[in-house]
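Me: I have a structure open and would like to learn how to read it feature by feature. Can we start from the confidence and work through to the charged pairs?

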Amino acid sequence: MQLTVWTYEGPPHVGAMRVCTGLTDVHYVLHAPQGDTYADLLFTMIERRDRRPPVTYTTFQARDLGSDTAELFQNAVREAHARFKPAAMVVGASCTAELIQDDPGGLAKAADLPIPVVPVELPSYQKKENWGAAETFYRIVRTLAGPNAPAPGTVRAPRAEGVRPRCNILGPTALGFRHRDDVIEVTKLLALMGVDVAVTAPLGASAADVARLGDADFNVVLYPEIAGVAGQWLKRTFGQPAVEIVPIGVGATRDFIAEVARVANVDPAPALAETGSRLPWYSRSVDSTYLTGKRVFIFGDATHAIAAARIASEELGFTVCGIGTYSREFGREVRACAERHGVEALITDDYLDVEAKIAELRPELVLGTQMERHVAKRLGVPCAVISAPVHVQDFPSRYSPQCGFEGANVIFDAWVHPLMMGLEEHLLGMFRDDFEFVDGAAPSHLGHAPEKSDSRPIEVAVAETVPSALSWSAEAEKELKKIPFFVRGKARRNTEAYAAEKSIPVITVEALYDAKAHFGR
């Protein structure tokens, strides 16, 4: 274990809570001490839900450890069933209760409830939140849909003539990054192709809905981190094809439409015609040409990080200078994506490693999580949030999807607006000596404190490519700020490399221009 101030994922029982909170009539009985009830705040304060999660905590205390904690758990199970009357119940233990080894599954079975009980064993000291969500959803699907499974080897009957194809959307949960709006956008896309959505699960589904997942013709695995395992089980058990292309970005949305059309045997033309996306034209228009070649660093869950890399390079003309994920289970996919962009993937759940990499690469834009937002703000680098974990401002009241063509519009605005616009930079240069447009003034979106400008040394421990004793004179720093912002980072890196090669301990104005001449040959 590692003590940390921030963490990208909570323990696996938080993932189980996200699944159960998304479902409408499933209750979660969690064997946990009183302190673990903090998880409720994630849903009521961060996601701003209007009700508490459907979770009952046993809330044992230190004095209970000398008595029968097993009886305490069984009483909690019976009381939760009597009070909330759920259609199904999930039982498990938090990281602390796991040490007691009370076996919640066996105890709940002994309670002999008249509803399905789904025991989940979540190894809190080896796995994390997304894995816990995936395991919980898989166990619920297998328990509720399993009794309706056909005999092994049964060939799935073809869809009747004239009947519209139906699919399930799998993966959206409570506390998911834009999941609510993504479901609406993907449902619209499917409707344009004449495909009906049978069940969306877990978000908004009942236990009865989960039990009939096998009735649909195919599944859309919208978030592989959560629904990948369940989707594969449904494919093996019910013979349902799985569409695993995540429609984030214009190109990926077109690929998604084509794959759905192939699987469902429908015409993709109506969905492709009604794009409504302004991203392709905006990224090619004259006032967006300054985007070309921007160096961007990407970090998040695997699904959003891979999607962001494609959008950045293919649709906005950015250069991906770094990419990483905290989703270790999807490290292979992220490494393959990094290889396509000619960079090395950063697979870590330590935010300090990510901070050091950002400081080392000095990108012009960071696409990351809430934690990268804090890091980028401190380093004076523009940032847009693309992935969980997120804070309250990333659960907007407005419609703000990431998926589909409308999601591409949202992404364009979210990514481009943090960048200093070319006109703003021009004005700052023109009125450099004006008291309202001093060079030390940062762009409005980064705040007005001059100490946020890029002239401050970055106090982060990184693998230095230049000697740590290397420094800049005040005159050289002032001269560096005259270089346009979109190439200033490259100029700094080249100058430092030149100084290191020539053993120049202090970079002066003369050294700056010598480096410029050296690299300009």
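The dialogue below takes up confidence, strands, helices and salt bridges in turn.

Me: What should I know before reading any detail?

Reply: This is a predicted model, in which local features need pLDDT of at least 70 and side-chain atom pairs count only at pLDDT 80 or more, while totals for chains, interfaces and linings use all residues. Residues are numbered from 1 along each chain as its sequence is written, and side-chain values use heavy atoms, with hydrogens and water left out.

Me: What is the average pLDDT of the protein?

Reply: pLDDT is the predictor's confidence in each residue, from 0 to 100. The protein averages 87, and 86% of the residues score at least 70. Over residues 448-465 pLDDT stays under 50, and the model has 25 contacts for them beyond four places in sequence. Contact here means heavy atoms within 4.5 Å.

Me: In what order do the strands of the sheet with β1 run?

Reply: Helices (H or I, at least four residues) and strands (E, at least two) are DSSP runs, numbered from the N terminus. Two strands pair if DSSP finds at least two bridges between them. Here four strands make an open sheet, ordered β2-β1-β3-β4, and the pairing is parallel. β2 (55-57) and β4 (117-119) are the edge strands, each pairing on one side only. From one strand to the next the twist averages 20 degrees.

Me: Which strands does β1 pair with, and through how many bridges?

Reply: Strand β1 (residues 26-31) is joined to strand β3 (residues 88-93) by six bridges, and to β2 by three. Both pairings are parallel. On the β3 side, Leu30 stands opposite Gly92 and Val29 has Val91 as its bridge partner. On the β2 side, Tyr28 stands opposite Val55.

Me: Are the residues of β1 buried or exposed?

Reply: In a regular strand the side chains alternate between the two faces of the sheet. In β1, Val26, Tyr28 and Leu30 point one way, and His27, Val29 and His31 point the other way. Six of the six residues of β1 are buried, meaning under 20% relative accessible area, where exposed is over 50% and partly exposed is in between (1.4 Å probe, protein chains only).

Me: Which helices lie across this sheet, and at what angles?

Reply: Axes are lines fitted to C-alpha atoms, for helices over the stretch in contact, and angles run from 0 to 180 degrees between N-to-C directions. Helix α1 (residues 12-22) lies across β1, β2 and β3, at about 160 degrees to β1. Helix α5 (residues 129-145) lies across β3 and β4, at about 145 degrees to β4.

Me: What is the strand order in the sheet that contains β5?

Reply: That open sheet has four strands in the order β6-β5-β7-β8, with parallel pairing. Its edge strands are β6 (196-201) and β8 (242-243). Five bridges join β5 to β6, and Cys167 stands opposite Val197 in β6. Helix α6 lies across β5 and β6, running at about 160 degrees to β5.

Me: How many salt bridges are there?

Reply: Side chains of opposite charge can pair when their charged atoms come close. The cut-off for a salt bridge is a side-chain nitrogen of Lys or Arg within 4 Å of a carboxyl oxygen of Asp or Glu. The whole structure has 21 of them. One of these joins Arg178 and Asp394, at 3.6 Å from N to O. Arg178 lies in the loop between β5 (166-170) and α6 (179-192) and Asp394 in the loop between β13 (383-385) and α16 (404-416), so this pair ties together parts 216 residues apart in sequence. Both Arg178 and Asp394 are buried.

Me: Which parts does the bridge between Asp255 and Arg310 tie together?

Reply: In this pair the closest N and O atoms are 3.0 Å apart. Asp255 lies in helix α9 (residues 250-264) and Arg310 in helix α12 (residues 302-315), so the bridge ties together parts that are 55 residues apart in sequence. Asp255 is partly exposed, at 34% relative accessible area, and Arg310 is partly exposed too, at 27%.

Me: Where does a bridge join residues of one helix?

Reply: Arg262 and Glu259 meet in a salt bridge at 2.8 Å, N to O. They are three residues apart in helix α9, separated by about one helical turn. Arg262 counts as exposed, at 58% relative accessibility. Elsewhere, salt bridges with shared partners join Arg362, Glu477, Arg492 and Glu496 into one network.
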